[in-house]
Amino acid sequence: MSMSPPAVEDAQSECREMTVMYKVVLIDDESIITEGLQKVVDWATHNCQVVALAQDAASGAQAIRQRRPDILFTDIKMPGEDGLTMLAALKGEFPRMQIAVLTGYRDFEYAQRAIRLGVVRFLLKPSKMDELTVALEYMTGVLDRLPPEADPDSQPGSEDPSSFLVRQA
C-alpha cells in the first residue's frame, strides 16, 4: 500500500474543494421537458446541479431569486408572462447568469429579443443531446473564465490582514 506524502494529499483535497458546482434552473410549461432534462443530461460531468424546476415564468422568477442559479434553461411561450419578459425583469439582478432558451417557435423576433437580453444559446425543440451538451459546455466555459463574484456578505474594511494589498498599505 503506497502512501501519498501529506503535502500531496492536502493539494489534492484543495483541488477537490475548489471544484465549482454551477447551479441550474430549468423552466418550461411542459413538465416532461424539465423532468426529462433533469434526468437525461449528465449535469455532474459539467460540474452542474439542477437546483429548481418551474412550469411558468412567475414560479421561475421566484426560483431564480431564491436559488441564484449560474445557468438557466427556459422556454419562451408559457402561460401568463412569457420567458423573455421574465428574463428582461431578471437580467439586471443576475448579470452573470448564463441563459439558454428552449423553444418550439422559429420566430426570428423571439431570437432577436433573446439576444438583446443576453441569451447565449437559442435552441429549438426538440433539441438533440449534442446541442444541449454544446450549450452547456459553452455556458460553463464562460462561467469558468469569469472572475470570482464578490461575496455579498463581505464588509468593506474586513480584508484579510495577510492579503498583499493590506500588507502593502
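Strand β1 (residues 22-27) runs parallel to β2 and is joined to it by six bridges; strands are DSSP runs of E with at least two residues, helices are runs of H or I with at least four, and both are numbered from the N terminus. Two strands count as paired if DSSP finds at least two bridges between them. Within this pair, Val24 stands opposite Val50 of β2. The model is predicted, so local features need pLDDT of at least 70 and side-chain atom pairs count only at pLDDT 80 or more, while totals for chains, interfaces and linings use all residues. Residues are numbered from 1 along each chain as its sequence is written, and side-chain values use heavy atoms, without hydrogens and water.

The open sheet has five strands in the order β2-β1-β3-β4-β5, with parallel pairing. Because β2 (48-54) and β5 (121-124) are at the edges, each with a single partner strand, one side of each has no neighbour in the sheet. On average, neighbouring strands are turned by 20° against each other, direction ignored. Helix α4 (residues 83-90) packs on the sheet and touches β1, β3 (71-74) and β4 (98-103), where contact means heavy atoms within 4.5 Å. The direction of α4 makes about 155° with that of β3; axes are lines fitted to C-alpha atoms, for helices over the stretch in contact, and angles between N-to-C directions run from 0 to 180 degrees.

Helices also contribute to a pocket lining. α2 (31-40) and α6 (129-145) each supply at least two residues of the lining of the second largest pocket, and α2 gives the most, with four residues.
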